[in-house]
Amino acid sequence: MTHARAGQPAQADDLVDLDALVSAYYDRHPDPDDPDEQVAFGTSGHRGSSLRTAFNEDHILATTQAICDYRSAQGYDGPLFIGRDTHGLSEPAWRTALEVLVANGVHVLVDDRDGYTPTPAISHAILRANRSRASGASSASGASGAGGPADGIVVTPSHNPPSDGGFKYNPPHGGPADTDATSAIAERANELIRGGLKDVQRVPYERARASAAAYDFMGTYVDDLPNVVDLARIREAGVRIGADPLGGASVAYWGEIAERHGIDLTVVNPTVDPRWSFMTLDWDGKIRMDCSSPSAMASLIANKDRYDISTGNDADSDRHGIVTPDGGLMNPNHFLAVAIQYLFGGSRPGWGAEAAVGKTVVSSSMIDRVAAELGKTLLEVPVGFKWFVPGLLDGSVGFGGEESAGASFLRFDGTVWSTDKDGIILALLASEILAATGRTPSQHYADLAERHGAPAYARIDAPADREQKAKLSALSAADVSADSLAGEPITAKLTEAPGNGAKLGGLKVVTDSAWFAARPSGTEDVYKIYAESFRGAEHLAQVQAEAKDVVDAALRG
């Protein structure tokens, strides 16, 4: 149910008490036997609030030591890039991590301006350093090409509310760590907490900060952008861009992009406030920097006619929101489909002819239809951007995208740009599309809907306890007895991804004109039902209702 004040400005009572938040980070100590207070890596690292004893100094001390142990075991002895976003818990956690990294003899690279660092800038830096190492070159930006492979840490809970903290590890491939890595790190971190942190190495912050080397994250990233997005075309077309960092880590990057590349770009709101007092409330009445949410993006939508293209990013800039004067905020699935149509439709002749279109199983089937029309291979993978990493690295996947507004794509020459989500290049791509075609992305989506149909898409939650969620994760196709869904024969029952055979951690059921996918939540006692129908909203509602019955029957069976 939508909150009565969704889309309205935050009030004083909505704001987090920063002093209490930071005090709790240092003062509270987790119970190692309480699952809610243990280190647990989801699809994007460990997240939680210090006020719930789920993200505290003990967690970061233990997790950073576990990362040091892991990278040592893997032979990762090169530089480690570390960045943080603008959440209130990010700087305390960044400081804690620095103390442990330096104590373990890690060569740490931090932002040379002591600023905030978007997730894609960390991925870009890791890949750049490892390319230099492979070629034997040395970098003038602070990361030597000598030594072992580089990796990184991003201190961010992404779009989560201001009370949350987050901590994620990116190994040398530059993307999110896979399950093998995160499981090993989490297991070791919880072992360290149970042992009273006695095996954690640490030095005082002043010594740690003095030992860290400087790296020009922003300069190297911004200067390289013309190799992935046609900024010259945007400049020549005079596209007027309004970029809203939503108080996140891209706040200084957008101004730098405008200045260095001569683009008509206005930073809509340069304010950084760890309470996010300037935000409009999300659908549930919480402050959340979700650039795909009409409620969170209400201010930018209200001013959509001021710019040719308006864009938003979440706190660590790995997600994008696209606003057009004619269409308002685009559904993330709609923009992914348009981006794929444009990128694979002739604008990137340097990409290999076999480069595939990557999507997650819960992304729109409009992408399937666009890929088929283009004659491109579709790589459908489980939820999690990590599944796109190998293909982006070797150029066999030209574009990888998630329904939650996260995506990345290759450079013009068909080589890797980033192996983590990059909300900045996706936001710029919207302007490139307008500059190159004279039409907005929302106008292009209308064309796709006319050719392929206009699907209705939604996500709902259904209650499930811990045991039920575990059973849902372990379902097989044989557990599903239903043979029809919303009046259509079921054509596929999937518990593994068609693109790579990896476990979905849930279930997807497909018919000719609709589908649903059910996945357990990692943080709440619910499972999520994603569903889509090309037969309209009423049919979608029928699919959603029957999806619950199908899942409940499978769990009982």
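# A tour of the chain, from the whole to single residues

Of the 557 residues in this chain, 60% count as buried. The model is a predicted one, and residue numbers start from 1 along the chain.

**The whole chain.** Begin with everything selected, in a cartoon view. The chain has 17 helices and 23 strands. Its radius of gyration is 23 Å, close to the 24 Å that the globule rule gives for 557 residues, so the chain is as compact as a globular protein of that length. Turn the model along its principal axes: the C-alpha trace spans about 65 × 60 × 50 Å.

Now show the contacts. Among those between residues at least 6 apart in sequence, 70% join residues at least 24 apart. Switch to a surface view next. The chain exposes about 20,300 Å², and carbon and sulfur atoms supply 46% of that area. Colour by charge to see 49 positive and 75 negative charges, whose mean positions are 1 Å apart.

**Aromatic rings.** Return to the cartoon and show the side chains of Phe, Tyr and Trp. The structure holds 12 aromatic pairs. Select Tyr25 and Phe55, which form a tilted pair with 6.4 Å from centre to centre and 35 degrees between the planes. Tyr25 is in helix H1 (residues 18-27), while Phe55 is in the loop between strand S2 (45-49) and helix H2 (57-74), so the pair ties together parts that are 30 residues apart in sequence. Both Tyr25 and Phe55 are buried.

Select Phe81 and Phe217 next. This aromatic pair is edge-to-face, with 5.9 Å between the centres and 70 degrees between the planes. Phe81 belongs to strand S3 (residues 80-84) and Phe217 to helix H7 (residues 217-224), so the pair ties together parts that are 136 residues apart in sequence.

**Helix H9.** Select residues 251-261, which make up helix H9. Show the side chains of Val251, Tyr253, Trp254, Glu256, Ile257, Ala258 and His261; these residues are buried. Then step on to Gly262, which follows H9 and has a positive phi, near 65 degrees.

**Ala12 and Ser277.** Relative accessibility for Ala12 is 64%; because exposed means over 50%, Ala12 counts as exposed. Ala12 and Ser277 are 265 residues apart along the chain, yet their C-alpha atoms are separated by 7.7 Å.

**Asp244 and its contacts.** The last stop is Asp244, in strand S8 (residues 241-244). At 8% relative accessibility, Asp244 counts as buried, because the cut-off for buried is under 20%. Which residues does Asp244 touch, not counting those up to four places away in sequence? They are Val268, Asn269, Leu300, Thr311, Gly312 and Asn313. Select Leu300 together with Asp244: the two are 56 residues apart in sequence, and their C-alpha atoms are 7.6 Å apart in space.

Definitions and conventions
This is a predicted model: local features need pLDDT of at least 70, side-chain atom pairs count only at pLDDT 80 or more; totals for chains, interfaces and linings use all residues. Side-chain values use heavy atoms; hydrogens and water are left out. Helices (H or I, at least four residues) and strands (E, at least two) are DSSP runs, numbered from the N terminus. The radius of gyration is taken over C-alpha atoms; the globule rule is 2.2 Å times the number of residues to the power 0.38. Buried means under 20% relative accessible area, exposed over 50%, partly exposed in between (1.4 Å probe, protein chains only). Contact means heavy atoms within 4.5 Å. Accessible areas come from the Shrake-Rupley method with a 1.4 Å probe; for residues, only the protein chains shown count as cover. Lys and Arg count as positive and Asp and Glu as negative; His and the chain ends are not counted. The place of a charge is taken as NZ of Lys, CZ of Arg, CG of Asp or CD of Glu. Rings of Phe, Tyr and Trp (its six-membered ring) pair if their centres lie within 6.5 Å; planes under 30 degrees apart count as stacked, over 60 as edge-to-face and the rest as tilted.
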